[in-house]
Amino acid sequence: MKIVLASASARRKDIFNNIGIDFEVCPADVDEDIDHCLSPDEICETLSKRKAEYVSKKYSSDDIVIGSDTIVHLNGRILEKPGSRDDAFSMLRSLSGNTHQVYSGITVCYKGITVTSHDLSEVVFRELSDDEINFYIDHYPPYDKAGSYGIQDYASLFVEKTNGDYLSIIGFPLFKTEQLLYKNFGIKITDLRQRQSEQLVSGKDDKK
């Protein structure tokens, strides 16, 4: 059994590395255009499913493929990855002094079954000065980040408080992922670690 992360996100890879699971990375080359008439939870679920299903076609049904997508939502508007410095500045200025929502969709494909869910968290930004915003954009390039910021970097200083799963805000709802795995397949993260450890030991024994 392989664990496959259908994402090129360095932040998602870091989260997986931190829990000690061996996994492969297979970025999903999919169209991320979406009907913006959909609700934020529908959008992130649809995109996570699109990624996971695309990558799952390259692997065995015995492999677990996980796709995720994160969007930032503020006052009825979705803040995507900025296309320019002006975009990034405008997004951070709109987040300043406000509460926004972070939706993270998660999809698991395994044994020919696809299950999807999402996690919702809230983030409260303090008031930001133009100098702070410019410093952030200059030193912490925001162009690969939804909403133009990463809560795990210098932007943590902008956050007054959060409500919800911190890892989900970073970009991967690990708790929700384990819930999906256990509820639908009877698998826990600890099970995966144990199974991989046993496979590693068995492989060493076979070589003796």
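Predicted model: local features only at pLDDT ≥ 70, side-chain atom pairs only at ≥ 80, totals over all residues.

Trainee: Which other strands does β3 pair with, and in which sense?

Mentor: Strand β1 (residues 3-5) pairs with β3 in the parallel sense over three bridges; the bridge partner of Ile3 in β3 is Ile64. β3 and β4 pair in the antiparallel sense, also over three bridges, with Leu74 opposite Arg77 in β4.

Trainee: What makes a stretch a strand or a helix in the first place?

Mentor: Both are DSSP runs numbered from the N terminus: a helix is H or I over at least four residues, a strand is E over at least two. On that basis the protein has seven helices and seven strands, in the order β-α-β-α-β-β-α-β-β-α-β-α-α-α.

Trainee: Why is β5 called largely enclosed?

Mentor: Buried means under 20% relative accessible area, exposed over 50%, and partly exposed in between (1.4 Å probe, protein chains only). Eleven of the twelve residues of β5 (residues 99-110) are buried, so the strand is largely enclosed by the rest of the structure. For β3 the count is eleven of eleven residues. Both faces of β3 are covered: the buried residues include Ile66 and Val72 on one side, and Gly67 and Asp69 on the other. Over the protein, buried residues make up 46% of the 208 residues.

Trainee: Why is Asn75 called exposed?

Mentor: Its relative accessible area is 67%, which is over 50%, so Asn75 is exposed. Asn75 is in the loop between β3 and β4 (77-79). These two strands form a hairpin with two residues between them, and Asn75 in the turn has a positive phi of about 50 degrees.

Trainee: Is Ser148 buried or exposed, and how do you know?

Mentor: Ser148 has 0% relative accessibility, which is under 20%, so it counts as buried. Ser148 sits in the loop between α4 (130-139) and β7 (159-163). Its phi is near 75 degrees, a positive value in a residue other than glycine.

Trainee: What class does Glu42 fall into?

Mentor: Glu42, in helix α2 (residues 40-56), has a relative accessible area of 38%; that lies between the two limits, so the residue is partly exposed. The C-alpha atoms of Glu42 and Gly105 are 8.4 Å apart, although 63 residues separate them along the chain.

Trainee: And why is Lys57 called exposed?

Mentor: Its relative accessible area is 73%, over the 50% limit, so Lys57 is exposed. Lys57 lies in the loop between α2 and β3. Its C-alpha atom is 9.8 Å from that of Cys109, 52 residues away along the chain.

Trainee: How do you know that the overall size agrees with a compact globule?

Mentor: The radius of gyration is taken over C-alpha atoms, and the globule rule is 2.2 Å times the number of residues to the power 0.38. For 208 residues the rule gives a value near 17 Å; the protein has 18 Å, which agrees. Along its principal axes the C-alpha trace spans about 65 × 35 × 30 Å.

Trainee: What share of contacts joins residues at least 24 apart?

Mentor: A contact means heavy atoms within 4.5 Å. Among contacts between residues at least 6 apart in sequence, that share is 66%.

Note on methods. Residues numbered from 1 in each chain as written. Heavy atoms only, no water. Pairing = 2+ DSSP bridges.
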